[in-house]
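Please keep the sequence and the model in view while reading.

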Amino acid sequence: MPIRIEDAVTAPALAQGQKAMFIKSYGCQMNVYDGLRMAEMMAPHGYRLAPTADAADLIILNTCHIREKADDKVFSDIGRMRRQANKSAIIAVGGCTGQAMGASLMQQAPAVQIVFGPQTLHRLPQLLEKVQSGSQKRAVDTDFPELEKFDNLPTPGAYGPSAFVTIQEGCDKFCTYCVVPYTRGAEISRPAADILAECQALATQGVREITLLGQNVNAYQSPVTSHQSPVTLAKLCEQIGAIAGIERIRFTTSHPNNTSPDLIAAFATNPKLMPYFHLPIQAGSNRILQAMNRNHTVESYLATIAQVRAAQPHIAISGDFIVGFPGETEDDFAQTLQVAATVGFVGAYSFAYSPRPGTPAADLPNQVDELTKKERLAALQAVLDHTTEAFLTQFIGQTISVLVEGPGGQPGQLRGRSPHNMPVNFTVENGIDPASLPGQLVEAEITHAGPKSLLGRLARS
Ligand code: 5AD
Ligand code: SF4
(Lines give C-alpha, C1' and ligand atoms only; values in the text may rest on other atoms or scores of the structure.)
(Ligands and ions follow the chains in the order given, each with its own letter.)
Protein backbone atom coordinates (compact mmCIF):
# COMPACT_ATOMS: atom_id res chain seq x y z
CA MET A 1 0.00 0.00 0.00
CA PRO A 2 1.38 3.42 -0.81
CA ILE A 3 1.56 5.71 2.22
CA ARG A 4 -0.78 8.66 2.53
CA ILE A 5 1.14 11.81 3.37
CA GLU A 6 -1.70 13.13 5.57
CA ASP A 7 -1.77 9.91 7.61
CA ALA A 8 1.95 10.09 8.12
CA VAL A 9 1.83 13.70 9.26
CA THR A 10 -1.00 13.13 11.74
CA ALA A 11 0.37 9.84 13.09
CA PRO A 12 0.35 10.26 16.91
CA ALA A 13 3.74 8.67 17.56
CA LEU A 14 6.36 6.72 15.74
CA ALA A 15 6.04 2.99 16.12
CA GLN A 16 9.06 1.14 17.47
CA GLY A 17 11.92 1.15 15.02
CA GLN A 18 10.41 3.95 12.94
CA LYS A 19 12.21 7.18 12.22
CA ALA A 20 10.93 10.64 11.35
CA MET A 21 11.76 12.38 8.09
CA PHE A 22 11.00 15.89 6.97
CA ILE A 23 10.84 16.65 3.24
CA LYS A 24 10.64 20.14 1.78
CA SER A 25 10.18 20.58 -1.99
CA TYR A 26 11.04 23.93 -3.55
CA GLY A 27 10.17 25.18 -7.03
CA CYS A 28 8.25 23.47 -9.81
CA GLN A 29 5.60 20.76 -9.96
CA MET A 30 8.18 18.22 -11.11
CA ASN A 31 9.85 18.70 -7.74
CA VAL A 32 6.50 18.23 -5.96
CA TYR A 33 6.14 14.92 -7.82
CA ASP A 34 9.69 13.89 -6.89
CA GLY A 35 9.15 14.89 -3.23
CA LEU A 36 6.08 12.64 -2.92
CA ARG A 37 7.96 9.78 -4.54
CA MET A 38 10.82 10.18 -2.02
CA ALA A 39 8.36 9.95 0.89
CA GLU A 40 6.86 6.77 -0.55
CA MET A 41 10.29 5.31 -1.29
CA MET A 42 11.57 5.87 2.28
CA ALA A 43 8.47 4.37 3.97
CA PRO A 44 9.60 0.73 3.62
CA HIS A 45 12.94 1.80 5.14
CA GLY A 46 11.08 2.77 8.34
CA TYR A 47 10.76 6.54 7.76
CA ARG A 48 7.50 8.38 8.36
CA LEU A 49 6.84 11.96 7.44
CA ALA A 50 7.02 14.56 10.19
CA PRO A 51 5.37 17.99 9.86
CA THR A 52 8.51 19.94 10.84
CA ALA A 53 12.27 19.42 10.72
CA ASP A 54 12.67 19.91 14.50
CA ALA A 55 12.32 16.28 15.59
CA ALA A 56 13.31 14.62 12.31
CA ASP A 57 16.06 11.99 12.01
CA LEU A 58 16.35 12.69 8.28
CA ILE A 59 15.85 16.08 6.59
CA ILE A 60 15.52 16.06 2.79
CA LEU A 61 15.61 19.37 0.94
CA ASN A 62 14.38 18.85 -2.61
CA THR A 63 15.78 22.01 -4.11
CA CYS A 64 15.28 24.40 -7.04
CA HIS A 65 18.13 26.17 -8.86
CA ILE A 66 16.18 28.20 -11.42
CA ARG A 67 16.75 31.63 -9.87
CA GLU A 68 19.26 32.89 -7.29
CA LYS A 69 16.51 33.50 -4.73
CA ALA A 70 15.59 29.79 -4.74
CA ASP A 71 19.20 28.86 -3.90
CA ASP A 72 19.41 31.52 -1.18
CA LYS A 73 16.32 30.10 0.49
CA VAL A 74 17.85 26.60 0.58
CA PHE A 75 21.05 27.79 2.23
CA SER A 76 19.18 29.85 4.84
CA ASP A 77 16.89 26.83 5.54
CA ILE A 78 19.93 24.55 5.99
CA GLY A 79 21.40 26.95 8.56
CA ARG A 80 18.13 27.31 10.49
CA MET A 81 17.35 23.59 10.45
CA ARG A 82 20.85 22.68 11.62
CA ARG A 83 20.37 24.97 14.64
CA GLN A 84 16.85 23.73 15.46
CA ALA A 85 16.94 20.04 14.54
CA ASN A 86 18.26 17.03 16.49
CA LYS A 87 22.03 17.07 16.62
CA SER A 88 22.06 13.58 15.07
CA ALA A 89 19.70 14.46 12.19
CA ILE A 90 21.12 13.79 8.73
CA ILE A 91 20.58 16.57 6.20
CA ALA A 92 20.31 15.46 2.55
CA VAL A 93 20.04 17.90 -0.36
CA GLY A 94 18.42 16.64 -3.56
CA GLY A 95 16.89 18.40 -6.56
CA CYS A 96 18.44 20.84 -8.96
CA THR A 97 20.77 22.74 -6.58
CA GLY A 98 22.15 19.39 -5.46
CA GLN A 99 22.75 18.41 -9.09
CA ALA A 100 24.32 21.73 -10.05
CA MET A 101 26.64 22.06 -7.04
CA GLY A 102 27.46 18.44 -6.19
CA ALA A 103 30.20 18.13 -3.56
CA SER A 104 30.85 21.89 -3.59
CA LEU A 105 27.48 22.34 -1.85
CA MET A 106 28.97 20.59 1.20
CA GLN A 107 31.85 23.05 1.28
CA GLN A 108 29.41 25.93 1.37
CA ALA A 109 27.11 24.13 3.84
CA PRO A 110 29.17 21.61 5.90
CA ALA A 111 26.01 20.51 7.76
CA VAL A 112 24.93 18.66 4.61
CA GLN A 113 25.99 14.98 4.51
CA ILE A 114 24.23 13.74 1.38
CA VAL A 115 23.85 15.35 -2.06
CA PHE A 116 21.94 13.91 -5.00
CA GLY A 117 20.09 15.13 -8.08
CA PRO A 118 16.66 14.77 -9.68
CA GLN A 119 17.73 11.66 -11.64
CA THR A 120 19.34 9.83 -8.69
CA LEU A 121 16.74 10.30 -5.98
CA HIS A 122 15.97 6.57 -6.01
CA ARG A 123 19.51 5.92 -4.75
CA LEU A 124 18.95 7.88 -1.52
CA PRO A 125 18.54 4.70 0.60
CA GLN A 126 22.04 3.52 -0.47
CA LEU A 127 23.57 6.97 0.12
CA LEU A 128 21.95 7.08 3.55
CA GLU A 129 23.24 3.60 4.40
CA LYS A 130 26.81 4.68 3.58
CA VAL A 131 26.59 7.67 5.91
CA GLN A 132 24.74 5.84 8.70
CA SER A 133 27.11 2.87 8.67
CA GLY A 134 30.04 5.24 8.95
CA SER A 135 31.66 3.82 5.80
CA GLN A 136 31.54 7.38 4.43
CA LYS A 137 31.14 10.66 6.27
CA ARG A 138 29.53 12.22 3.20
CA ALA A 139 27.91 10.80 0.06
CA VAL A 140 27.32 12.44 -3.34
CA ASP A 141 25.55 11.03 -6.43
CA THR A 142 24.92 13.40 -9.33
CA ASP A 143 24.86 10.90 -12.21
CA PHE A 144 22.33 11.11 -15.06
CA PRO A 145 21.02 7.52 -15.34
CA GLU A 146 18.24 7.96 -17.92
CA LEU A 147 14.76 7.29 -16.48
CA GLU A 148 16.24 4.73 -14.04
CA LYS A 149 14.42 6.31 -11.12
CA PHE A 150 10.96 5.52 -12.48
CA ASP A 151 11.74 1.79 -12.52
CA ASN A 152 12.97 1.92 -8.94
CA LEU A 153 10.16 3.75 -7.18
CA PRO A 154 7.00 2.30 -5.64
CA THR A 155 3.64 2.79 -7.42
CA PRO A 156 2.61 6.39 -6.66
CA GLY A 157 -0.05 7.07 -4.04
CA ALA A 158 -2.93 9.53 -4.43
CA TYR A 159 -3.22 12.58 -2.19
CA GLY A 160 -6.53 14.01 -3.41
CA PRO A 161 -8.59 14.00 -6.62
CA SER A 162 -5.84 15.64 -8.67
CA ALA A 163 -2.40 14.15 -9.33
CA PHE A 164 0.80 14.95 -11.20
CA VAL A 165 2.48 12.41 -13.45
CA THR A 166 5.96 13.13 -14.82
CA ILE A 167 6.10 11.88 -18.42
CA GLN A 168 9.37 13.44 -19.57
CA GLU A 169 12.62 14.52 -17.93
CA GLY A 170 15.21 17.08 -18.95
CA CYS A 171 15.46 19.63 -21.74
CA ASP A 172 17.53 19.98 -24.93
CA LYS A 173 16.55 23.53 -25.82
CA PHE A 174 19.36 25.40 -24.04
CA CYS A 175 17.67 28.78 -23.67
CA THR A 176 20.60 30.99 -22.73
CA TYR A 177 19.23 31.98 -19.28
CA CYS A 178 18.20 28.52 -18.09
CA VAL A 179 19.88 25.93 -15.85
CA VAL A 180 17.40 23.13 -16.55
CA PRO A 181 19.37 21.37 -19.35
CA TYR A 182 22.32 21.18 -16.92
CA THR A 183 20.38 20.15 -13.80
CA ARG A 184 17.80 17.74 -15.21
CA GLY A 185 19.84 16.48 -18.16
CA ALA A 186 18.86 15.61 -21.72
CA GLU A 187 15.21 15.51 -22.75
CA ILE A 188 13.83 12.01 -22.54
CA SER A 189 10.27 10.66 -22.59
CA ARG A 190 8.96 7.81 -20.42
CA PRO A 191 7.37 4.83 -22.21
CA ALA A 192 3.62 5.34 -22.72
CA ALA A 193 2.82 1.95 -21.17
CA ASP A 194 4.49 2.97 -17.87
CA ILE A 195 2.61 6.28 -17.83
CA LEU A 196 -0.73 4.60 -18.52
CA ALA A 197 -0.09 2.08 -15.73
CA GLU A 198 0.65 4.94 -13.34
CA CYS A 199 -2.51 6.82 -14.36
CA GLN A 200 -4.54 3.64 -13.98
CA ALA A 201 -3.18 3.11 -10.46
CA LEU A 202 -4.03 6.71 -9.56
CA ALA A 203 -7.56 6.38 -10.99
CA THR A 204 -8.09 3.25 -8.89
CA GLN A 205 -7.24 5.36 -5.82
CA GLY A 206 -9.88 7.97 -6.70
CA VAL A 207 -7.89 10.43 -8.83
CA ARG A 208 -10.11 12.26 -11.34
CA GLU A 209 -7.63 14.75 -12.82
CA ILE A 210 -4.11 14.11 -14.12
CA THR A 211 -1.58 16.82 -14.92
CA LEU A 212 1.20 15.51 -17.15
CA LEU A 213 4.59 17.05 -16.37
CA GLY A 214 7.74 17.74 -18.34
CA GLN A 215 9.89 20.69 -19.39
CA ASN A 216 8.77 20.43 -23.04
CA VAL A 217 5.88 18.14 -22.50
CA ASN A 218 4.36 18.95 -25.90
CA ALA A 219 7.47 17.36 -27.49
CA TYR A 220 6.60 14.08 -25.74
CA GLN A 221 7.22 10.99 -27.87
CA SER A 222 7.05 7.54 -26.42
CA PRO A 223 10.22 5.59 -27.22
CA VAL A 224 9.35 2.95 -29.85
CA THR A 225 10.87 -0.03 -31.55
CA SER A 226 10.99 0.05 -35.40
CA HIS A 227 7.64 -0.13 -37.29
CA GLN A 228 5.61 1.22 -34.36
CA SER A 229 4.39 4.77 -34.73
CA PRO A 230 5.38 6.91 -31.76
CA VAL A 231 2.82 7.95 -29.16
CA THR A 232 2.56 11.74 -29.18
CA LEU A 233 1.22 13.89 -26.34
CA ALA A 234 -2.17 14.14 -28.09
CA LYS A 235 -2.36 10.34 -28.42
CA LEU A 236 -1.27 9.86 -24.81
CA CYS A 237 -4.03 12.24 -23.64
CA GLU A 238 -6.54 10.21 -25.64
CA GLN A 239 -5.35 6.96 -24.03
CA ILE A 240 -5.39 8.45 -20.53
CA GLY A 241 -8.89 9.80 -21.19
CA ALA A 242 -10.07 6.24 -21.80
CA ILE A 243 -9.12 5.18 -18.25
CA ALA A 244 -12.28 4.80 -16.12
CA GLY A 245 -12.50 7.57 -13.53
CA ILE A 246 -10.18 10.06 -15.26
CA GLU A 247 -12.31 13.07 -16.17
CA ARG A 248 -9.74 15.81 -16.67
CA ILE A 249 -6.30 15.95 -18.26
CA ARG A 250 -3.85 18.85 -18.25
CA PHE A 251 -0.19 19.16 -19.21
CA THR A 252 2.60 21.58 -18.41
CA THR A 253 4.96 23.06 -19.56
CA SER A 254 5.37 23.48 -23.32
CA HIS A 255 7.61 25.10 -25.93
CA PRO A 256 5.93 27.08 -28.75
CA ASN A 257 7.87 25.20 -31.44
CA ASN A 258 6.53 21.80 -30.36
CA THR A 259 2.84 22.68 -30.60
CA SER A 260 1.95 20.13 -33.27
CA PRO A 261 -1.30 20.09 -35.32
CA ASP A 262 -2.52 16.90 -33.62
CA LEU A 263 -2.16 18.53 -30.20
CA ILE A 264 -4.01 21.63 -31.36
CA ALA A 265 -6.77 19.42 -32.77
CA ALA A 266 -6.97 17.53 -29.47
CA PHE A 267 -8.17 20.70 -27.72
CA ALA A 268 -11.26 20.46 -29.98
CA THR A 269 -11.74 16.70 -30.10
CA ASN A 270 -10.70 15.35 -26.68
CA PRO A 271 -13.38 16.40 -24.17
CA LYS A 272 -11.16 15.34 -21.26
CA LEU A 273 -8.37 17.72 -22.27
CA MET A 274 -9.09 20.86 -20.28
CA PRO A 275 -9.22 24.29 -22.00
CA TYR A 276 -6.02 25.58 -20.42
CA PHE A 277 -2.68 25.88 -22.21
CA HIS A 278 0.50 27.04 -20.49
CA LEU A 279 2.77 28.20 -23.31
CA PRO A 280 5.72 30.34 -22.19
CA ILE A 281 6.71 33.21 -24.51
CA GLN A 282 9.34 34.80 -22.20
CA ALA A 283 9.60 38.14 -24.09
CA GLY A 284 7.74 40.26 -26.64
CA SER A 285 10.80 41.42 -28.59
CA ASN A 286 12.27 39.26 -31.36
CA ARG A 287 15.73 40.66 -30.65
CA ILE A 288 15.53 39.44 -27.05
CA LEU A 289 13.95 36.10 -28.04
CA GLN A 290 16.92 35.55 -30.32
CA ALA A 291 19.41 36.41 -27.58
CA MET A 292 17.51 33.95 -25.36
CA ASN A 293 17.96 31.23 -28.03
CA ARG A 294 14.22 30.61 -27.96
CA ASN A 295 14.15 29.77 -31.70
CA HIS A 296 10.71 31.31 -32.18
CA THR A 297 9.43 34.81 -32.90
CA VAL A 298 6.58 36.81 -31.47
CA GLU A 299 4.75 36.31 -34.78
CA SER A 300 5.17 32.52 -34.77
CA TYR A 301 3.96 32.44 -31.15
CA LEU A 302 0.87 34.50 -32.00
CA ALA A 303 0.16 32.29 -35.03
CA THR A 304 0.22 29.20 -32.78
CA ILE A 305 -2.15 30.86 -30.31
CA ALA A 306 -4.50 31.76 -33.18
CA GLN A 307 -4.59 28.10 -34.28
CA VAL A 308 -5.21 26.92 -30.73
CA ARG A 309 -8.05 29.43 -30.34
CA ALA A 310 -9.54 28.37 -33.67
CA ALA A 311 -9.72 24.81 -32.25
CA GLN A 312 -10.93 25.85 -28.78
CA PRO A 313 -12.20 29.46 -28.68
CA HIS A 314 -12.71 29.50 -24.87
CA ILE A 315 -9.24 28.31 -23.94
CA ALA A 316 -7.26 30.05 -21.18
CA ILE A 317 -3.73 30.84 -22.37
CA SER A 318 -1.13 31.04 -19.61
CA GLY A 319 2.61 31.53 -19.97
CA ASP A 320 5.94 32.61 -18.49
CA PHE A 321 7.82 35.88 -18.94
CA ILE A 322 11.30 37.03 -18.01
CA VAL A 323 11.89 40.78 -17.68
CA GLY A 324 15.29 42.47 -17.59
CA PHE A 325 17.15 39.94 -19.76
CA PRO A 326 20.64 41.36 -20.60
CA GLY A 327 20.36 44.09 -23.23
CA GLU A 328 16.57 44.53 -22.82
CA THR A 329 15.78 48.18 -23.67
CA GLU A 330 12.69 50.23 -22.80
CA ASP A 331 11.49 49.59 -26.34
CA ASP A 332 11.98 45.80 -26.03
CA PHE A 333 10.08 45.86 -22.77
CA ALA A 334 7.24 47.93 -24.27
CA GLN A 335 6.84 45.14 -26.85
CA THR A 336 6.54 42.62 -24.00
CA LEU A 337 3.75 44.69 -22.41
CA GLN A 338 2.08 44.90 -25.79
CA VAL A 339 2.12 41.15 -26.42
CA ALA A 340 0.89 40.42 -22.88
CA ALA A 341 -2.16 42.63 -23.44
CA THR A 342 -2.78 41.32 -26.98
CA VAL A 343 -2.83 37.64 -26.02
CA GLY A 344 -4.91 38.25 -22.88
CA PHE A 345 -3.01 35.81 -20.67
CA VAL A 346 -4.73 34.07 -17.76
CA GLY A 347 -2.67 33.44 -14.61
CA ALA A 348 0.69 33.88 -16.39
CA TYR A 349 3.94 33.87 -14.41
CA SER A 350 6.57 36.60 -14.68
CA PHE A 351 10.08 36.73 -13.26
CA ALA A 352 12.98 39.18 -13.02
CA TYR A 353 15.96 37.78 -14.92
CA SER A 354 18.41 36.09 -12.55
CA PRO A 355 21.92 35.40 -13.90
CA ARG A 356 22.73 31.73 -13.30
CA PRO A 357 26.33 30.52 -13.09
CA GLY A 358 27.30 28.42 -16.12
CA THR A 359 24.57 29.72 -18.45
CA PRO A 360 25.58 31.82 -21.50
CA ALA A 361 23.37 34.81 -20.63
CA ALA A 362 25.12 35.30 -17.28
CA ASP A 363 28.22 36.45 -19.20
CA LEU A 364 26.41 38.78 -21.60
CA PRO A 365 27.18 42.51 -21.48
CA ASN A 366 24.49 45.10 -20.64
CA GLN A 367 23.02 43.37 -17.62
CA VAL A 368 19.92 45.29 -16.51
CA ASP A 369 20.08 46.84 -13.02
CA GLU A 370 17.91 45.38 -10.24
CA LEU A 371 15.74 48.48 -9.78
CA THR A 372 14.80 48.56 -13.48
CA LYS A 373 14.00 44.84 -13.38
CA LYS A 374 11.78 45.41 -10.35
CA GLU A 375 9.91 48.26 -12.04
CA ARG A 376 9.43 46.30 -15.26
CA LEU A 377 8.21 43.27 -13.33
CA ALA A 378 5.59 45.38 -11.51
CA ALA A 379 4.42 46.95 -14.79
CA LEU A 380 4.10 43.55 -16.50
CA GLN A 381 2.34 42.01 -13.51
CA ALA A 382 -0.22 44.85 -13.58
CA VAL A 383 -1.04 44.01 -17.22
CA LEU A 384 -1.22 40.26 -16.47
CA ASP A 385 -3.45 40.87 -13.41
CA HIS A 386 -5.75 42.93 -15.58
CA THR A 387 -6.04 40.30 -18.35
CA THR A 388 -6.64 37.54 -15.76
CA GLU A 389 -9.40 39.49 -14.06
CA ALA A 390 -11.03 40.32 -17.41
CA PHE A 391 -11.05 36.59 -18.25
CA LEU A 392 -12.60 35.67 -14.89
CA THR A 393 -15.31 38.33 -15.08
CA GLN A 394 -16.93 36.64 -18.08
CA PHE A 395 -17.97 33.69 -15.88
CA ILE A 396 -20.28 35.73 -13.61
CA GLY A 397 -23.77 34.30 -14.04
CA GLN A 398 -22.48 31.10 -15.70
CA THR A 399 -22.61 27.55 -14.35
CA ILE A 400 -19.25 25.79 -14.59
CA SER A 401 -17.86 22.42 -13.62
CA VAL A 402 -15.63 22.30 -10.53
CA LEU A 403 -13.47 19.45 -9.30
CA VAL A 404 -13.83 19.74 -5.53
CA GLU A 405 -10.55 19.58 -3.61
CA GLY A 406 -11.53 20.39 0.01
CA PRO A 407 -12.63 23.14 2.40
CA GLY A 408 -12.59 26.68 0.95
CA GLY A 409 -11.05 29.93 2.18
CA GLN A 410 -14.03 30.87 4.42
CA PRO A 411 -16.02 28.72 6.86
CA GLY A 412 -18.84 26.93 5.02
CA GLN A 413 -17.08 27.16 1.66
CA LEU A 414 -15.61 24.43 -0.49
CA ARG A 415 -12.69 24.90 -2.88
CA GLY A 416 -11.96 23.44 -6.29
CA ARG A 417 -10.78 24.28 -9.81
CA SER A 418 -12.60 25.29 -12.96
CA PRO A 419 -11.83 23.66 -16.35
CA HIS A 420 -9.56 26.69 -16.96
CA ASN A 421 -7.55 25.81 -13.86
CA MET A 422 -8.81 28.80 -11.91
CA PRO A 423 -9.57 28.41 -8.17
CA VAL A 424 -13.29 28.42 -7.34
CA ASN A 425 -14.69 28.89 -3.80
CA PHE A 426 -18.35 28.04 -3.42
CA THR A 427 -21.05 27.63 -0.79
CA VAL A 428 -23.34 24.65 -0.36
CA GLU A 429 -27.00 24.98 0.62
CA ASN A 430 -28.46 23.30 3.72
CA GLY A 431 -29.33 19.67 3.24
CA ILE A 432 -26.16 18.76 1.37
CA ASP A 433 -23.26 17.43 3.36
CA PRO A 434 -20.17 19.40 2.27
CA ALA A 435 -17.95 16.55 3.46
CA SER A 436 -19.45 14.34 0.74
CA LEU A 437 -18.24 16.55 -2.11
CA PRO A 438 -14.39 16.56 -2.13
CA GLY A 439 -13.18 14.38 -4.99
CA GLN A 440 -16.35 14.95 -7.02
CA LEU A 441 -17.08 17.00 -10.11
CA VAL A 442 -19.96 19.39 -9.38
CA GLU A 443 -21.60 22.33 -11.11
CA ALA A 444 -21.24 25.77 -9.50
CA GLU A 445 -23.08 29.01 -10.35
CA ILE A 446 -20.56 31.82 -10.41
CA THR A 447 -21.65 34.95 -8.55
CA HIS A 448 -18.40 36.95 -8.24
CA ALA A 449 -14.99 37.17 -9.92
CA GLY A 450 -11.99 38.15 -7.81
CA PRO A 451 -8.56 39.11 -9.17
CA LYS A 452 -7.34 35.50 -9.21
CA SER A 453 -10.33 33.30 -8.34
CA LEU A 454 -14.07 32.80 -8.70
CA LEU A 455 -16.81 32.72 -6.08
CA GLY A 456 -20.16 30.96 -6.37
CA ARG A 457 -22.65 28.45 -4.99
CA LEU A 458 -23.37 24.82 -5.73
CA ALA A 459 -25.86 24.65 -8.59
CA ARG A 460 -29.14 22.82 -7.94
CA SER A 461 -29.09 19.50 -9.73
N1 5AD B 1 15.84 34.04 -14.46
C2 5AD B 1 14.51 34.30 -14.34
N3 5AD B 1 13.56 33.45 -14.72
C4 5AD B 1 13.94 32.27 -15.25
N5 5AD B 1 13.23 31.23 -15.73
C6 5AD B 1 14.09 30.27 -16.13
N7 5AD B 1 15.36 30.69 -15.94
C8 5AD B 1 15.30 31.93 -15.39
C9 5AD B 1 16.26 32.87 -14.98
N10 5AD B 1 17.59 32.63 -15.10
C11 5AD B 1 11.76 31.22 -15.82
C12 5AD B 1 11.27 31.04 -17.26
C13 5AD B 1 10.79 29.63 -17.25
C14 5AD B 1 10.29 29.48 -15.82
C15 5AD B 1 10.13 28.10 -15.34
O16 5AD B 1 11.27 30.15 -15.07
O17 5AD B 1 10.21 31.94 -17.47
O18 5AD B 1 9.76 29.40 -18.19
FE1 SF4 C 1 14.74 26.12 -19.70
FE2 SF4 C 1 14.21 26.82 -22.25
FE3 SF4 C 1 14.33 24.21 -21.57
FE4 SF4 C 1 12.27 25.74 -20.72
S5 SF4 C 1 12.77 25.25 -22.86
S6 SF4 C 1 13.49 24.28 -19.45
S7 SF4 C 1 13.27 27.70 -20.37
S8 SF4 C 1 16.04 25.65 -21.51
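N366 sits in the loop between β15 and α15, where helices (H or I, at least four residues) and strands (E, at least two) are DSSP runs numbered from the N terminus. Its phi is near 55 degrees, a positive value in a residue other than glycine.

F174 likewise has a positive phi, of about 55 degrees, although it is not a glycine. F174 is found in the loop between β8 (168-169) and α8 (180-183), and with a relative accessibility of 39% it counts as partly exposed. A further feature of the backbone is the peptide bond from T252 to T253, which is cis with omega near 5 degrees; T253 belongs to the loop between β11 (248-252) and α11 (261-269).

## Basis of the model

This is a predicted model, in which local features need pLDDT of at least 70 and side-chain atom pairs count only at pLDDT 80 or more, while totals for chains, interfaces and linings use all residues. Residues are numbered from 1 along each chain as its sequence is written, chains are lettered from A and ligands numbered from 1 in the order in which they are written, and side-chain values use heavy atoms, with hydrogens and water left out.

## The surroundings of ligand 1

The shell around ligand 1 consists of I66, R67, Y177, Q282, D320, I322, F351, A352, Y353, S354 and R356, a residue being near a molecule if one of its heavy atoms lies within 4 Å of it. These residues divide into six nonpolar, two polar and three charged, where Ala, Val, Leu, Ile, Met, Phe, Trp, Tyr, Cys and Pro count as nonpolar, Asp, Glu, Lys and Arg as charged, and the others, Gly among them, as polar. Two strands, β14 (320-323) and β15 (349-352), each supply at least two residues of this shell.

Which atoms of the protein lie 3.0 Å, 2.7 Å and 2.6 Å from ligand 1? A backbone N or O atom of Y177 is 3.0 Å from a nitrogen atom of the ligand, a polar side-chain atom of Q282 is 2.7 Å from an oxygen atom of ligand 1, and an N or O atom in the side chain of D320 is 2.6 Å from an oxygen atom of ligand 1. The protein covers 87% of the 410 Å² of accessible area that ligand 1 has on its own, with areas taken from the Shrake-Rupley method and a 1.4 Å probe.

## Aromatic pairs

The structure holds ten aromatic pairs, that is, rings of Phe, Tyr and Trp (its six-membered ring) whose centres lie within 6.5 Å, with planes under 30 degrees apart counted as stacked, over 60 as edge-to-face and the rest as tilted. The rings of F325 and Y353 have centres 5.4 Å apart and planes at 65 degrees, so this pair is edge-to-face. The pair links distant parts of the chain, with F325 in the loop between β14 and α14 (330-343) and Y353 in the loop between β15 and α15 (370-393), 28 residues apart. Both F325 and Y353 are buried, and ring pairs link Y177, F325 and Y353 into a cluster.

## Cysteines

The structure holds zero disulfides, a disulfide being a pair of cysteine sulfur atoms within 2.5 Å. The sulfur of C237 is 9.4 Å from the closest cysteine sulfur, in C199, which is too far for a bond. C237 is buried at 0% relative accessibility.

Terms used: A polar contact is a pair of N or O atoms within 3.5 Å; within protein, one must be able to donate a hydrogen and the other to accept it, and residues adjacent in sequence count only if both atoms are side-chain atoms. Buried means under 20% relative accessible area, exposed over 50%, partly exposed in between (1.4 Å probe, protein chains only).
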